[in-house]
Amino acid sequence: MDPSVTSGLYRDITDLAHQSPSWVRHFVEIGTEAVIVILGVLFLAGWWRTRTGDSRAMARAVVGPLATALAYVSSELAKSAIQEERPCRAVAGAATSLATCPPVGDWSFPSNHSTIAAASAVALAIAWRRIAFLTLPLALFAAFSRVFVGVHYPHDVAVGLLLGGLVATLVVLALTRPARVLIETMRTSRTGLVVWFAGPGPRVPRLTEQAGGEVTGGRGPLPEPGAGDRAVSGAGENSGALGRQSEQPRSRF
């Protein structure tokens with residue numbers, strides 16, 4: 001893509017960065033790196049919470065980081081093939097970047113940060129839908145912040161978001177089923193570390209015997225052995241007695 005297409009927008013955003021209050025600039029400078037750490041912590045939290053969940057949920061939780069890694073590799077391959085110079089060196093008349101301009105050879109297109117953030121956000125949203133409201137805005141913030149601090153063109157981050165989201169979706173969909181089978185196998189392993197990683201899975205209610213021979217587990221007491229036979233025998237004796245009573249001659253008055 002021709003960098004000149006978005007170089008004007010790049011100048012506008014970097015000018016905005018220099019006109020912003022100092023606390024805003026510091027917040028974005030820190031946030032542009034902190035977002036990746038936050039998403040990594042959410043991956044850990046997602047894995048931990050699914051250790052006691054079903055194998056499908058666990059599979060999606062562990063496939064997410066792999067999907068993010070593959071998205072990063074895809075981004076690096078694209079960078080090496082396209083070799084687009086950073087805007088902090090290439091755009092004439094632009095404001096000085098807030099972040100240190102990466103060295104020559106650390107190419108601009110697409111943005112690694114945007115790719116990783118988008119892949120993480122999408123993978124987490126698939127595995128843990130309740131936090132999608134958090135992960136997706138974080139990815140958008142990460143992308144915008146890379147332009148704000150002056151190290152990427154707008155088209156770098158836009159393509160990074162698309163690439164990361166697409167790769168993460170495809171990888172999670174493709175690998176969830178085999179990962180589920182693997183998790184189920186790991187949960188039956190005799191190796192403690194393997195079982196700890198995969199987690200115990202959902203808790204299954206256990207039947208507990210109480211005093212008097214009653215067994216409880218959510219379905220009420222179970223009948224004693226032979227109780228059914230005794231009930232049938234008693235019913236038969238009662239019906240026989242009634243039959244004999246009906247056969248006795250009736251007295252005449």
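These legends describe close-up views of a predicted model. Local features need pLDDT of at least 70 and side-chain atom pairs count only at pLDDT 80 or more, while totals for chains, interfaces and linings use all residues. Residues are numbered from 1 along each chain as its sequence is written, and side-chain values use heavy atoms, with hydrogens and water left out.

**View 1. Trp 47 and Trp 48 form an aromatic pair.** The structure holds seven aromatic pairs. Rings of Phe, Tyr and Trp (its six-membered ring) pair if their centres lie within 6.5 Å; planes under 30 degrees apart are stacked, over 60 edge-to-face, and the rest tilted. Trp 47 and Trp 48 sit edge-to-face, at 5.6 Å centre to centre and 70 degrees between the planes. Trp 47 is buried, at 13% relative accessible area. Trp 48 is partly exposed, at 48%. The cut-offs are under 20% for buried and over 50% for exposed, with partly exposed in between (1.4 Å probe, protein chains only).

**View 2. Trp 47 also pairs with Trp 196.** Helices (H or I, at least four residues) and strands (E, at least two) are DSSP runs, numbered from the N terminus. Trp 196 is partly exposed, with 43% relative accessible area. Ring pairs join Trp 47, Trp 48, Trp 196 and Phe 197 into a cluster.

**View 3. Arg 51 lies over the face of Trp 48.** The distance from the ring centre is 4.5 Å. A charge sits over a ring if NZ of Lys or CZ of Arg is within 6 Å of the ring centre and within 35 degrees of the ring normal.

**View 4. Cys 88 and Cys 101 form a disulfide.** A disulfide here is a pair of cysteine sulfur atoms within 2.5 Å. By this rule the count is one. The sulfur atoms of Cys 88 and Cys 101 are 2.0 Å apart. The link is right-handed, with 70 degrees about the S-S bond. Cys 88 lies in helix 4 (residues 87-90) and Cys 101 in the loop between helix 4 and helix 5 (112-127), so the bond ties together parts 13 residues apart in sequence. Cys 88 is partly exposed, at 22% relative accessible area. Cys 101 is partly exposed too, at 23%.

**View 5. Helix 2 packs with helix 5.** Their axes are 10 Å apart, at an angle of about 25 degrees. That makes helix 2 roughly parallel to helix 5. Axes are lines fitted to C-alpha atoms, for helices over the stretch in contact, and angles run from 0 to 180 degrees between N-to-C directions. Angles under 35 degrees count as roughly parallel, over 145 as roughly antiparallel, 65 to 115 as roughly perpendicular, and the rest as oblique. The crossing of helix 2 and helix 5 is left-handed. Left-handed means that the near helix is turned anticlockwise from the far one by less than a right angle; clockwise is right-handed.

**View 6. The bond from Phe 109 to Pro 110 is a cis peptide.** Omega is near -10 degrees. Pro 110 lies in the loop between helix 4 and helix 5.
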